[in-house]
Amino acid sequence: MNIALWIVQVLWGVFFSVTGFGKVLCHTPPLWNQALQEVPWLSAVPQNLFIFIGICEFLGGVGLLLPAMTGVQPKLTPFGTFGLTLVMLLAAVFHIVRGEYDFVPINLVLGGIAAFIAYGRLFVRPIAPASISTFRVLKGLAVLGVLVLVDFAPVWYKLTHSLTLVSHRSAAGIG
């Protein structure tokens, strides 16, 4: 059970930190406008709410990994997953209200597995707290560094290349 929890915990932590980071980057007008063209339901969400959801997802993803991997305040991990479960349930309600039923199963699976992690880390296989040491601080910084690299690199590449393509198209007069 512990191995299964760690596998989904790492996958969900990376997934939510990446998707959250991508949402946070939409604070600039060019990226927000590009996202409006690519995501059909985005026009129904205010930009500030979208960015807030991104912050919640990013912090939830980090909260899935950092406290558990360092052993410092590992009880924060289930609380982060409860938050992600809530975000996914609210997303499912949003899509149901809009009649976008294709998105609901994805939201429910993401939220359900987050709830599984929360339950597992709170009751089934909790992680024992550890004292703060130099090694744990360095481990935490390494995990954060890897997350930033994993989050930033693909998002930066996609955004810079698609924005470059958009600017070349508009300079050439192509739609």
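Me: The lining of the largest cavity divides into four nonpolar, one polar and two charged residues. What counts as nonpolar, polar or charged?

Reply: Ala, Val, Leu, Ile, Met, Phe, Trp, Tyr, Cys and Pro are nonpolar, Asp, Glu, Lys and Arg are charged, and the others, Gly among them, are polar. The model is predicted: local features need pLDDT of at least 70 and side-chain atom pairs pLDDT 80 or more, while totals for chains, interfaces and linings use all residues. Residues are numbered from 1 along each chain as its sequence is written, and side-chain values use heavy atoms, without hydrogens and water.

Me: What is a cavity, and what is a pocket?

Reply: Rolling a probe the size of a water molecule over the atoms shows where empty space is left. On a 1 Å grid over the protein atoms alone, a cavity is a set of points where a 1.4 Å probe fits but cannot get out; a pocket is an open set with protein on both sides within 12 Å along at least five of seven lines; lining residues have an atom within 4 Å of a point. Points are joined across faces, edges and corners, and the volume is the space filled by probe spheres set on them. Here, a search of the whole structure finds one cavity of 30 Å³ or more. The largest cavity has a volume of about 50 Å³. Its lining is made of Pro74, Lys75, Thr77, Pro78, Arg121, Pro126 and Ile127.

Me: How much space lies in the largest pocket, and which elements line it?

Reply: About 1,000 Å³ lies in the largest pocket. Of its 36 lining residues, Lys23, Trp41, Phe50, Ile53 and Glu57 are closest to the centre. H1, H2 (29-38), H3 (47-70), H4 (76-97), H5 and H6 (134-172) each give two or more residues to the lining. The largest share, eight residues, comes from H4. By class, the pocket lining has 26 nonpolar, six polar and four charged residues.

Me: At what angle do H1 and H3 cross?

Reply: Axes are lines fitted to C-alpha atoms, for helices over the stretch in contact, and angles run from 0 to 180 degrees between N-to-C directions. Angles under 35 degrees count as roughly parallel, over 145 as roughly antiparallel, 65 to 115 as roughly perpendicular and the rest as oblique. The axes of H1 and H3 come within 7 Å and cross at roughly 150 degrees, so H1 and H3 are roughly antiparallel. The contact (heavy atoms within 4.5 Å) has 16 nonpolar, seven polar and two charged residues.

Me: What is the handedness of the crossing of H1 and H3?

Reply: A crossing is left-handed if the near helix is turned anticlockwise from the far one by less than a right angle, and right-handed if clockwise. H1 passes H3 in a left-handed crossing.

Me: How do H3 and H4 meet?

Reply: The axes of H3 and H4 come within 8 Å and cross at roughly 150 degrees; H3 and H4 are therefore roughly antiparallel. This crossing is left-handed. Residues of H3 including Ile53, Glu57 and Gly60 meet residues of H4, among them Thr77, Leu84 and Met88. The contact of H3 with H4 has nine nonpolar, six polar and one charged residues.

Me: Are H1 and H5 oblique or antiparallel?

Reply: H1 (residues 2-24) and H5 (residues 104-124) have axes that come within 10 Å and cross at roughly 130 degrees, so H1 and H5 are oblique. Their crossing is left-handed. Among the residues in contact are Trp6, Trp12 and Phe16 of H1 and Ile113, Phe116 and Arg121 of H5. Twelve nonpolar, three polar and one charged residues make up the contact of H1 with H5.

Technical notes. Helix = DSSP H or I, 4+ residues; strand = E, 2+ residues; numbered from the N terminus.
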